[in-house]
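Welcome, and thanks for taking a look at this one. Here is a short briefing to read alongside the sequence and the 3D view.

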Amino acid sequence: AESAAAPPTVESQISTLTIGLDTLWVLLAGALVFFMNTGFACVESGLCRSKNCVNILAKNFVVFACASLSFYLIGWNIMFSTGSPFSGAWFFGLTGADNSPAKLDDYQGVYGAINWTGVPLLAKFFFQLVFAGTAATIVSGAVAERIKFIDFIIFSFVLVAILYPITGHWIWGGGWLAGTGFYDFAGSTVVHSVGGWAALAGIIVLGPRLGKFKDGKIFPIPGHNLSLATLGVFILWLGWFGFNPGSTMGVGDGSAISHIFVTTNSAAVAAIITSMLTAWLVLKKPDLSMILNGCLAGLVAITAPCAFVTVNASILIGAIAGVLVVLAVIVFDKIRIDDPVGALSVHLVNGIWGTLALGIFADSKISNAVAAFDVTGGMKQFLIQLEGVAAVGAFTFVVSLIVWYALKFTLGVRVSAEEEREGLDICEHGNEAYPDFQLQTDRMS
């Protein structure tokens, strides 16, 4: 008779349970980040005009589908498979070596010396996918109200398939920036700055909206629904508790997750206060749109250093972000960079600030005890962070500019002046967001 199978050991049961709990945490955190798509849709549509609401909602809805396919087919391997210090392998599907982070202790590595085990590949893929989709969504708001729908779709596919994963490989895939000691815990540079640089290139190629700048003057174009925008920021704020703490890739270190939750929230609330005060001082009114973007700026800024800084430092990082976002909106207007939702001020400016802040405020006691990293703030770390910011920015901006100009000279990136005046909802989609309201308005007039 065959002998009975040996019962599982306590060690194997604990290992199985640990992997299961880590996997559940990663997937739940990924689901929170996925829900941020709702927040972006609300913020962007609320801060733009009602005649373009359908167009913005359509972009935010379709972009995740594009990101999912492009990241699965091409982007994942470029970002995480074995290749060179500058790029992973260029082939289709999840077929290459898996160099993606598996758990907190394995987060950072030097190219060629990574052998992750733990959280299953598909769980890690989903978590990384929702980050990639976020980068593409950032572009949507910045180029809103005048871009052709088809061009945005094509650019999003290229961004997530090639641009985002190449620089992501440098940092999170064990590439050359990881080897220099560059750190970005949850994506101030990997996600937010990349989306911001790509958006800046698109804005330059597109030009400003009709009526925004005339005779040397700036004419504000207010959004149609600040209630929707406010709801969107609350949703994004919630989603960030998956974005940052989820990047631990496991639940084994409860103190790390708790610490990141609190630093994330502290930066957000500090930025809310300082953006309100800055707007009050500079614009003479506590402008709600500035306050909303202030919250997002604080969240973007703390994304890179959330695991490496004290709570007190996170408050200071967020406070500075709240000031920066208001001033950046004003400066971009003055240099005729038309960003309808303030995406550049939130994601580009504060993605840069947050990445540099890691070098300034990183605390070796925090990084060792909480995040299992040996990261010490100071001039050396600051210069490493600055090098990474410059490298990622130069690559993403230049290549994005090439892609945008290629679209301009082939398909044309901008709708006609007549279509822009009528609104992209009717011209691009044949729908209206508020047809009954519009009908009543027409009758009254």
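How many residues does α10 have, and how far does α10 reach from its first C-alpha to its last? In this predicted model, α10 has 24 residues and reaches 35 Å from its first C-alpha to its last, close to the 34 Å expected at 1.5 Å a residue.

**Helix α10 and what follows**

- Helix α10 covers residues 311–334.
- Just after α10 comes Arg336, which takes a positive phi of about 65°.

**The largest pocket**

- The volume of the largest pocket is about 610 Å³.
- Lining this pocket are 27 residues, and the closest to its centre are Lys212, Ser289, Met290, Val329 and Asp333.
- Two helices, α9 (288–303) and α10 (311–334), each supply at least two residues of the lining.
- Sorted by class, the lining has 15 nonpolar, seven charged and five polar residues.

**Thr189 in helix α6**

- Thr189 sits in helix α6, which runs over residues 188–206.
- With a relative accessible area of 1%, Thr189 falls under the 20% cut-off and therefore counts as buried.
- The side chain of Thr189 makes a polar contact of 2.6 Å with the side chain of Thr355.
- Setting aside neighbours within four places in sequence, Thr189 is in contact with Ile171, Phe182, Asp184, Val194, Gly351, Thr355, Val389 and Val392.

**Ser70 in helix α2**

- Ser70 belongs to helix α2, residues 53–80.
- Is Ser70 buried or exposed? Its relative accessibility is 0%, so Ser70 is buried.
- A polar atom of the Ser70 side chain lies 2.9 Å from the backbone oxygen of Cys66, and the Ser70 side chain also reaches the backbone oxygen of Ala67, at 3.3 Å.
- Beyond its neighbours within four places in sequence, Ser70 is in contact with Gly75, Phe157, Val160 and Ala161.
- For a sense of distance, Ser70 and Glu11 are 59 residues apart in sequence, and their C-alpha atoms are 40 Å apart in space.

Definitions and conventions: Residues numbered from 1 in each chain as written. Predicted model: local features only at pLDDT ≥ 70, side-chain atom pairs only at ≥ 80, totals over all residues. Heavy atoms only, no water. 1 Å grid on protein atoms, 1.4 Å probe; cavity = no way out; pocket = protein on both sides within 12 Å on 5 of 7 lines; lining within 4 Å. Points joined across faces, edges and corners; volume = space filled by probe spheres on them. Helix = DSSP H or I, 4+ residues; strand = E, 2+ residues; numbered from the N terminus. Nonpolar A, V, L, I, M, F, W, Y, C, P; charged D, E, K, R; others polar. Buried < 20%, exposed > 50% of the residue type's maximum accessible area, 1.4 Å probe, protein only. Polar contact = N/O pair within 3.5 Å; in protein donor to acceptor, adjacent residues only side chain to side chain. Contact = heavy atoms within 4.5 Å. Expected span 1.5 Å × (residues − 1).
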